[in-house]
Amino acid sequence: MSIRLGGIIAGLAITAVLLFWSLAPGVYNYAFGPAPEKQPSYAFYEHGEGPEGGFSFDGAFGKWDYAQLQRGYQVYKEVCSACHSLKFVAFRNLQELGYTEAEVDAEAASWTVPGIDPATGETTTRPGEPTDYFPMPFPNAIAAAAANNNAIPPDLSLMTKARHDGSNYVYSLLTGYTEPDPEKAAKVGFETPVGLYFNKHFPNVNIAMAPPLAVDGQVTYADGTNATIPQMATDVAAFLTWTAEPSLVQRKQTGWFVIGFLLFATVLAFLSYKQIWAGLKPKKG
Amino acid sequence: MSFAWAKQYEPQTALTKWLDDKLPLPRLVYSAVGAGYPVPRNLNYMWNFGVLAGFCLMIQIVTGVVLAMHYAANATVAFGTVEHIMRNVNYGWMLRYAHANGASFFFIVIYMHIFRGLFYSSYKAPREMIWLLGVVIFLLMMATAFMGYVLPWGQMSFWGAQVITGLFSAIPLVGEPLQVWLLGGFAPDNAALNRFFSLHFLMPFVIAGVVILHIWALHIPGSSNPTGVEVKQESDTVPFHPYYTTKDGFGLGVFLILFTTMVFFLPNALGHPDNYIEANPLSTPAHIVPEWYFWPFYAILRAFTGDLSIPFTGIVLIPAKLLGVIAMFGSILLWFILPWLDKSPVRSGHYRPLFRKFFWFGLIPTMIALFICGGAPAEEPYVVISQIATAYYFLHFLVILPIISQIEVPKALPFSITEAVLGNSKAAEAPRATGVVGGGDAGSLPDGSLQPAE
Amino acid sequence: MATDTAATSEIAAPDGVRRRDWIHIAALSTAGVGGASVLFPLVSQMAPSADVKAASTTEVDVGAIQPGQSIKWTFRKQPLFVKRLTAEEITRAKADDGAAMRDPATLASRTKEGHEDILVTMGVCTHLGCVPLGAAEGENKGEFGGYFCPCHGSHYDVAGRVRKGPAPLNLMVPEYSFTSDTVIRVG
């Protein structure tokens with residue numbers, strides 16, 4: 001009995017504290033206090049829809065489009081890599097994009113990576129090898145910030161997993177640069193400052209990155225595809241989806257096999273279960 | 001222990017006879033989860049979750065031990081070693097996704113297990129000890145899950161560690177030094193990461209130990225059942241094997257289909273994108289949330305927005321931060337006295353009309369509201385909703401349950417489990433049992449109660 | 001309560017016993033197959049990961065090595081011995097080309113054409129993997145003047161061929177090539 005009495009007293013006490021010291025002042029402020037300051041957050045950001053027709057890897061049966069991944073790699077190499085690293089990806093991984101071993105060797109050698117002079121032991125540079133990882137464009141974060149108006153370009157290895165609906169986000173961001181929208185600027189409370197660029201898909205609509213894909217034909221695709229801005233954005237978004245999750249297609253294919261097997265096993269388990277319990281059925285009548 | 005009619009293990013071969021003499025392990029298994037354990041014959045699918053929880057613990061230990069072979073608990077490389085697992089280790093992506101989603105599924109299963117216990121009052125005598133040990137397991141799980149989430153050293157890991165250890169700083173006098181002691185520094189870094197890894201590896205085995213005690217305690221009175229009427233006779237029970245082994249096998253299959261669907265098709269759906277950004281002590285993510293399974297308790301923590309002060313004097317008795325921490329821990333700790341708060345002699349919610357109303361229309365909506373508020377940003381209307389829901393949560397357990405158990409008039413109980421399942425064609429008290437028993441009632445219940453023999 | 005125990009025995013009712021058995025056996029074996037296939041990723045995760053398997057290369061400048069000197073380098077996390085043989089050692093090694101050996105090999109087959117004074121071997125004893133002595137100045141070079149493994153007493157000659165002791169094979173010559181007259185690329 002004493003436990004119950006104590007419980008009732010404690011319960012009423014907690015409720016009273018909550019209602020009179022937290023809820024009541026909150027409601028009072030809400031009703032009569034000054035309007036709460038709007039936090040500049042997601043309210044202005046427009047969720048991007050992604051490219052028309054979606055990506056080849058979307059959905060439970062999605063597959064890579066290797067030609068697209070190779071085009072996307074070309075966009076990364078010729079445009080993004082000037083500022084953005086790809087530190088968790090090695091050149092050897094490019095073989096998964098459909099390049100042959102010799103092509104990967106040649107591709108790796110076209111990059112310059114840090115090395116050590118075998119004679120003197122001094123740091124130097126050398127052509128990349130398949131086992132090397134993509135080099136960092138800046139030696140350290142301070143250099144990156146200094147070269148980019150104080151905004152450090154993030155590593156892109158995991159970008160599509162580090163943003164909500166990442167593949168579509170990358171596409172939308174790259175194609176989302178427009179003239180500043182006065183209506184949105186009014187909501188944020190400030191005009192796009194000098195040195196920032198208006199982009200309706202960026203969380204606070206003002207991004208430090210200058211439009212990276214500025215003109216159609218900025219990249220000359222090896223396979224002859226017409227390099228429009230949406231095309232380049234789609235390709236590089238696909239490429240960055242691969243860098244973030246190289247196992248994506250293998251994962252889905254394994255998944256179908258596993259679930260198929262489990263369905264079969266579960267049906268058998270159900271039949272076995274029903275057989276066992278059938279013996280317990282009550283006699284009718 | 002157990003019932004007089006429980007079958008005894010009889011070794012058949014010379015080898016098993018020898019083993020039974022020296023180390024009666026087969027006998028133990030036979031009596032614990034074999035044909036030698038009589039179980040009520042009317043358990044519904046809600047009784048599957050105990051075995052599933054044990055299975056989840058096993059998944060987590062196996063995948064976890066394997067992941068630890070490739071992971072390094074050092075702030076400079078931890079994030080990179082997780083990516084190494086995802087990219088280079090053979091099937092590393094599968095093992096890590098299984099472990100990450102396994103934690104979520106463990107909590108889904110445990111919440112079903114807990115709320116089954118709450119509805120059927122499985123915590124009541126003679127099963128208080130099972131319930132108390134279960135609460136201990138739940139607390140250990142929460143600590144383990146929190147520390148595991150820190151290990152990938154992403155943005156949510158780092159800020160989660162910062163915020164959760166910050167809870168302890170609310171304790172008067174010793175709070176601040178306690179937080180520094182917990183972290184081994186003034187902010188989460190190598191020291192914190194290493195100790196979290198060590199404890200995250202250790203605690204699942206402690207949980208496994210308490211699980212053994214939990215099952216041991218279960219075998220003293222035997223399993224509860226949906227009628228809440230204790231086993232009276234042999235016909236009330238069936239042997240665990242093969243009846244419930246096959247049923248659990250089927251349940252396990254359904255569980256694995258849902259689990260693998262998440263692992264292979266939506267592996268990051270229950271996680272947060274920010275945790276794929278390496279920890280950065282200089283920048284807090286816009287919206288810090290814990291993992292979904294902590295949301296109800298996080299909502300209780302945040303519900304206390306005002307200091308407890310003496311009105312019109314400005315003297316603060318208890319600051320809001322401490323109130324929130326007390327309430328959050330209290331919301332789970334009060335489960336320890338639950339068996340003594342609810343004194344109704346009737347166990348099953350099926351036979352308690354008033355209790356049932358408060359359970360389905362009070363407690364369950366409250367938990368859903370707390371869950372939603374815990375995951376939402378701290379703005380209106382979520383704050384007010386979480387305050388009302390928090391108030392109801394404490395009122396439900398501490399005030400409503402004790403009062404209901406005094407004033408409620410329970411429905412008539414069946415004489416026995418056999419009568420509940422088979423009808424009382426043999427029993428003399430035919431009129432009493434009609435209307436309260438079996439499928440007719442079960443069909444109208446929201447929990448989809450299934451009577452296996454119907 | 002004998003009537004109720006009868007319910008249990010109904011499982012073994014005469015009709016359909018075979019069909020019932022079949023379904024239990026099928027369910028149990030499927031579960032067994034499932035359990036066994038889970039072992040596959042659990043076992044294979046311990047095999048070398050993709051980054052370890054990917055072959056890397058190492059460049060070594062051999063120009064500064066004096067005749068009779070050796071240098072130690074690392075190749076794929078293991079020691080690599082590069083030795084410049086003296087004229088006397090080359091003669092001795094060639095003279096032994098026909099001698100009875102556990103793992104017969106000629107000096108020519110263990111060096112590159114035009115560079116037969118440069119001997120590149122792994123510094124890993126083929127017995128149980130210790131690092132043999134003899135690469136550094138003043139170390140025990142063994143009875144045959146090449147390398148000597150102190151762990152279990154394997155003797156290698158100047159061409160790195162095993163001549164005495166428990167080692168089953170000659171010191172391994174890795175794949176390498178000369179990128180210039182003085183630089184080799186191993187791997």
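Colleague: What makes the crossing of helix 5 of chain B and helix 6 of chain B a left-handed one?

Modeller: This is a predicted model, and in it the crossing of helix 5 of chain B and helix 6 of chain B is left-handed. The term applies because the near helix is turned anticlockwise from the far one by less than a right angle.

Colleague: Why are helix 5 of chain B and helix 6 of chain B called roughly antiparallel?

Modeller: The axes of helix 5 (residues 92-119) and helix 6 (residues 128-150) of chain B cross at roughly 160° and come within 12 Å. Angles over 145 degrees count as roughly antiparallel, and helix 5 and helix 6 of chain B are therefore given that description.

Colleague: Which residues of helix 5 and helix 6 of chain B meet, and how do they divide by class?

Modeller: From helix 5 of chain B, A103(B), I110(B), I114(B) and G117(B) meet W131(B), F138(B), M141(B), A145(B) and G148(B) of helix 6 of chain B. Seven of the residues in this contact are nonpolar, two are polar and none is charged.

Colleague: What makes helix 11 of chain B roughly perpendicular to helix 14 of chain B?

Modeller: The axes of helix 11 (residues 295-303) and helix 14 (residues 353-375) of chain B cross at roughly 75° and come within 7 Å. The range for roughly perpendicular is 65 to 115 degrees, so helix 11 of chain B is placed in that class relative to helix 14 of chain B. In helix 11 of chain B, W295(B), P296(B), Y298(B), A299(B) and I300(B) take part, and they meet M367(B), L370(B), F371(B), C373(B), G374(B) and G375(B) in helix 14 of chain B. This contact has nine nonpolar residues, two polar and no charged ones.

Colleague: How do you know that the radius of gyration of chain B agrees with that of a compact globule?

Modeller: For 454 residues a compact globule would have a radius of gyration near 22 Å, and chain B has 24 Å, which agrees. The C-alpha atoms of chain B fill a box of roughly 75 × 70 × 40 Å along the principal axes. Chain B has 18 helices and four strands, and 48% of its residues count as buried.

Colleague: Why is F329(B) called partly exposed, and why is V409(B) called exposed?

Modeller: F329(B), in helix 12 of chain B, has 15 other C-beta atoms within 10 Å and is therefore partly exposed. A residue is buried at 20 or more such atoms and exposed at 12 or fewer, so a count between these limits is called partly exposed. V409(B), in the loop between helix 15 and helix 16 (417-422) of chain B, has 7 C-beta neighbours inside 10 Å and so counts as exposed.

Colleague: Which helix gives the most to the side of chain B that touches chain A?

Modeller: Helix 10 of chain B does, with 14 residues. The contact takes 50 residues from chain B and 48 residues from chain A. On the side of chain B, 33 residues are nonpolar, 10 are polar and seven are charged.

How values were computed. Residues numbered from 1 in each chain as written. Chains lettered and ligands numbered in written order. Predicted model: local features only at pLDDT ≥ 70, side-chain atom pairs only at ≥ 80, totals over all residues. Axes fitted to C-alpha atoms, helices over the stretch in contact; angles between N-to-C directions. Helix = DSSP H or I, 4+ residues; strand = E, 2+ residues; numbered from the N terminus. Parallel < 35°, antiparallel > 145°, perpendicular 65-115°, else oblique. Contact = placed C-beta atoms within 7 Å. Nonpolar A, V, L, I, M, F, W, Y, C, P; charged D, E, K, R; others polar. Rg over C-alpha atoms; globule rule 2.2 N^0.38 Å.
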